[in-house]
Amino acid sequence: VTYRGEETDWNYRWYKNSQLVIPFNTKPEYRISPVYISSSGSYTCEGVKGNKISNTSDAVQLTLSDQPQPVLSISPQWLNPGDSVTLSSEVDKTSTGWRFSWYRTVLYRAGLPSLSDKSYSLQPLSDNGTTEVSYTLIPAGPTPTGRYVCRAGRGDPVYYTLYSEPQFLWSGDLQPSVSLR
């Protein structure tokens, strides 16, 4: 706290959600380390000098959340021979800097990344993540019917989201259908 441009010998009280958390601090800052989900809240402070108490500061809102999970959408969800399909992912409308990775689920195989329950392995659709929030799948060869997931990461070291919930893509059969009469 400065008073008319001069440093003074104030002490500080820190509050979280209007509850006193630090009754006496000689520094005009409050460091929280490590942070936990429970650290989320509205923080304010007051300066104290002798029997003088400053006005309460404006509140600063600290919001922490669990590991985010992207939402995957597939369009169209029914693929005809020769069509392409777009996989799109959204993590959080307010966060940026994510790199997206796209996967097709296959029967569980050791050595491949897998979903947490090990019910399926994940076959990468591309080698590296991309900053693009969508991925265009242009089938060449076997039909791409199956479940698809994505996840995102950012930072160094990389902080990853959870995998998205699997989405199913149906594709038309290249073989003519057989009818029974």
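Predicted model: local features only at pLDDT ≥ 70, side-chain atom pairs only at ≥ 80, totals over all residues.
## Briefing: strands, core and loops

F100 stands opposite A152, a residue of β14. The chain has 16 strands and zero helices. Of its 181 residues, 28% count as buried.

**The chain as a whole**
- Among contacts between residues at least 6 apart in sequence, 53% join residues at least 24 apart.
- The accessible surface comes to about 12600 Å², and carbon and sulfur atoms account for 50% of that area.

**β14 and its partner strands**
- β14 is mostly covered, with seven of its nine residues buried.
- Six bridges link β11 and β14, which pair in the antiparallel sense.
- β14 also runs antiparallel to β16 (residues 167–171), and three bridges join these two strands. In this pairing, R147 has F168 of β16 as its bridge partner.
- With β15 (residues 159–160), β14 pairs in the antiparallel sense over two bridges. Here Y159 of β15 is the bridge partner of R154.
- The hairpin of β14 and β15 has four residues between the strands, and G155 in this hairpin takes a positive phi near 90 degrees.

**The largest nonpolar core**
- As a general background, nonpolar side chains tend to be buried together in soluble globular proteins.
- The largest nonpolar core in this chain has 15 residues, of which L87, W102, Y148 and L169 touch the most other members.
- Two or more residues come from each of β8 (71–75), β10 (85–90), β11, β13 and β14 (146–154). The largest share, three residues, is that of β14.
- Leaving aside neighbours within four places in sequence, L87 is in contact with L72, S73, I74, W102, L125, V133, S134, Y135 and Y148.

**Aromatic rings**
- The count of aromatic pairs comes to eight. In one of them, W102 and Y135 have ring centres 6.1 Å apart and planes at 25 degrees; planes under 30 degrees apart count as stacked, so this pair is stacked.
- W102 lies in β11 (residues 99–107) and Y135 in β13 (residues 134–137), so the pair ties together parts that are 33 residues apart in sequence.
- Elsewhere, one aromatic cluster is formed by W14, Y30 and Y43.
- R151 lies over the face of Y160, at 3.9 Å from the ring centre.

**Backbone points worth a look in the loops**
- For context, most residues other than glycine have a negative phi, and most peptide bonds are trans.
- S75 and P76 are joined by a cis peptide bond with omega about -10 degrees. P76 is found in the loop between β8 and β9 (78–79).
- Another cis peptide bond runs from D156 to P157, with omega near 5 degrees. P157 is in the loop between β14 and β15.
- N17 is not a glycine, yet has a positive phi of about 50 degrees. N17 lies in the loop between β3 (11–16) and β4 (19–25), and is partly exposed at a relative accessible area of 43%.
- S18, also other than glycine, has a positive phi near 70 degrees. S18 lies in the loop between β3 and β4 and counts as exposed, at 66% relative accessibility.

Note on methods: Residues numbered from 1 in each chain as written. Heavy atoms only, no water. Phe/Tyr/Trp six-rings, centres within 6.5 Å; stacked < 30°, edge-to-face > 60°. Lys NZ or Arg CZ within 6 Å of the ring centre and 35° of its normal. Buried < 20%, exposed > 50% of the residue type's maximum accessible area, 1.4 Å probe, protein only. Contact = heavy atoms within 4.5 Å. Areas by Shrake-Rupley, 256 points an atom, 1.4 Å probe, with all protein chains shown as cover. Core = buried A, V, L, I, M, F, W, Y, C linked by side-chain atoms within 4.5 Å. Pairing = 2+ DSSP bridges.
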